[in-house]
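Welcome, and thanks for taking a look at this one. Here is a friendly briefing to read alongside the model, grouped by topic.

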Amino acid sequence: MPDALAVIPRPALLERTGEAPFVVTRATTVVVDERPDLIGLAVLVADVLGRVGGIPVEVRYSEAGATDIVRLRLVETLPPGDEVYRVLTRSGRIDVEARTLAGLVRALVTLRQLIVVAPSGELRVPAVRIEDAPRYAWRGLSVDVARHFVPMDDLKVVIGLMAHYKLNVLHLHLTDDQGWRLDLPSRPLLTRLSSATSVGGDPGGSYSAADFADLVGFAAARGMRVVPEIDVPGHVNAATHAYGELNPSGEPTDTYTGIEVGFSRLHADLPATHAFLADVFADVAAMTPGEYVHIGGDEVLTMAPDEYATLVGAASAAVRAAGKKVVGWQEIAHTPLEPGTVVQYWDAREDPAPFAAAARAGALFLMSPAPKAYLDMKYDASTELGLEWAGHIELRDAYDWDPATLIEGVAEDSVIGVEAAIWTETLRDLPALAQMLLPRLAAIAEVAWSAPEQRDWEDFRTRVAAHAPFWDRIALPWHASPQVDWP
Ligand code: TNX
């Protein structure tokens, strides 16, 4: 029986050539041109290949004298697109081509997923030809590090998982009522006074500027951008606890460790509010090499529409003044938006008409429909962790939907991409996150990457089964969905 080609997300073209497989041996050498960024990637490739087999894999800058070669090359002869890549594997040689480093990273994870451990223990890569490119440019995961803090090392494991499924945007929900997780030079009290808490009295934490830079670099090495979210004008109790001047009374609010939403707010008529927004977004933008900063904007249940619009406008202006583009949760579509603003759709219960109008006015849509993409929802009634306000999400629910036809009146060319979200009210540690992400993250990744004609549930459920050994290998728990015949 031939080895299964269990690549997720499914590539645009993947075919066997009928030749003999590539075998990873002690002679295997990764060859790249001598450029700092390529060397870094080559080391990553060598590390990944070597770790699977427990053998050292070398990196060289020349093919001379090498035999089992993995050749990584940047070329300009591919179809356009940063993440386009091509792979050809056969006995003795693997050729990987892309236009950019990000493209080479996508090829690397495809290679990793193709490795089969033979009964003899030998590591084989079947002989195949692959030509691949993503459907959407924005394929993300939003991680709520505010309700429960996610320490650096755990977040890096999550980034690794995301990269394994070709996701390219890490969206960090850095602030909420329960905690402020990013140290900002202009407002030191935010983390000093408001980072020790998490939901339910669990320990908190925060990222220093150096931590954040480390995360940005770790993500960048995997072809991934970081989009930081500072949630305003609601979900702000951590801020109003640290800075009493943000409240009409001038007094700080109490810390909050419950899981209600919608009660906290900024005030448009306080001068301190505007100074706060300007400072905070300037700091965050300065720490962010990526194009986008997320202003939140969700679930402000205690504010008149005009005050909400004023505050969304002020936050957006601060982001733009710092040279970044604005992302916000779907509620911001009820305010005037600059063309190019990204609206993150989540609440499928809302009337679609205002979204269609926003799209016509030039807004772009990032699709995170809660009943499909909120990976903090329970799988079924027996799931221990998670919430269920948007329903239960089994693997097939996360897989079977099309971003292009999701919102009536929002056309395909207004859709910038797809993002899963994981809120952490009930998720206290890495195993809890993994249990909710796996296997559903793989399903969302395929929704975001693979063309509609490549997608097929029966085919996906077969491929995803082959990923369980990988999750076991990295010692992460996962949900054994009854919809899949696991090995
Ligand atoms: C809704 S989605 C929220 C979050 C909660 C989440 C729980 C969104 C923009 N807001 O504040 O954590 O539901 O599933």
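Which residues in α3 meet which residues in α5? Met152, Leu155, Lys156 and Ile159 in α3 meet Asp211, Leu215, Phe218 and Ala219 in α5. By class, this contact of α3 with α5 has six nonpolar, no polar and two charged residues.

Before going further, a word on the ground rules. This is a predicted model, in which local features need pLDDT of at least 70 and side-chain atom pairs count only at pLDDT 80 or more, while totals for chains, interfaces and linings use all residues. Residues are numbered from 1 along each chain as its sequence is written.

**Terms used below**

- Helices (H or I, at least four residues) and strands (E, at least two) are DSSP runs, numbered from the N terminus.
- Two strands pair if DSSP finds at least two bridges between them.
- Residues are in contact if their C-beta atoms, placed from the backbone, lie within 7 Å.
- Ala, Val, Leu, Ile, Met, Phe, Trp, Tyr, Cys and Pro count as nonpolar, Asp, Glu, Lys and Arg as charged, and the others, Gly among them, as polar.

**The barrel**

- Eight strands form a closed barrel with parallel pairing, in the order β11-β12-β15-β16-β17-β18-β19-β20.
- Neighbouring strands of this sheet are turned by 30° against each other on average, direction ignored.
- Strand β11 (residues 138–144) runs parallel to strand β12 (residues 169–173), and five bridges join them.
- Glycine 140 has valine 169 in β12 as its bridge partner.

**The ligand shell**

- Around the ligand stand Val261, Asp298, Glu299, Trp329, Trp346, Tyr374, Asp376, Leu387, Trp423 and Glu425, where a residue counts as near if its C-beta atom, placed from the backbone, lies within 6 Å.
- By class, the shell has six nonpolar, no polar and four charged residues.

**Helix pairs**

- Helix α3 (residues 152–164) and helix α5 (residues 209–220) have axes that come within 11 Å and cross at roughly 20°; axes are lines fitted to C-alpha atoms, for helices over the stretch in contact, and angles run from 0 to 180 degrees between N-to-C directions.
- That angle makes α3 roughly parallel to α5, a label for angles under 35 degrees, with over 145 counted as roughly antiparallel, 65 to 115 as roughly perpendicular and the rest as oblique.
- The axes of helix α7 (residues 271–287) and helix α8 (residues 305–321) come within 8 Å and cross at roughly 35°, and the crossing is right-handed.
- His274, Leu277, Ala278, Phe281, Ala282 and Ala285 of α7 make this contact with Ala314, Ala315, Ala318 and Val319 of α8, giving nine nonpolar, one polar and no charged residues.

**Antiparallel strands**

- Strand β6 (residues 85–90) pairs with strand β7 (residues 93–98) in the antiparallel sense over six bridges, and arginine 90 stands opposite arginine 93 in β7.
- The hairpin of β6 and β7 has two residues between the strands, and there glycine 92 takes a positive phi near 85°.
- Four bridges also join β6 to strand β10 (residues 128–132), again antiparallel, with leucine 88 partnered by arginine 129 in β10.
- An open sheet of three strands has the order β2-β9-β8, with antiparallel pairing.
- β2 (22–24) and β8 (116–117) stand at its edges, each with a single partner strand, so one side of each is left without a neighbour in the sheet.

**Backbone details**

- Most residues other than glycine have a negative phi, and most peptide bonds are trans.
- A cis peptide bond joins isoleucine 8 and proline 9, with omega about -5°; proline 9 sits in the segment before β1 (13–16).
- The bond from valine 232 to proline 233 is cis too, with omega near 0°, and proline 233 is in the loop between β15 (225–232) and α6 (237–242).
- Lysine 166 has a positive phi near 65° and lies in the loop between α3 and β12.

Methods. Contact = placed C-beta atoms within 7 Å. Left-handed = near helix turned anticlockwise from the far one by under 90°.
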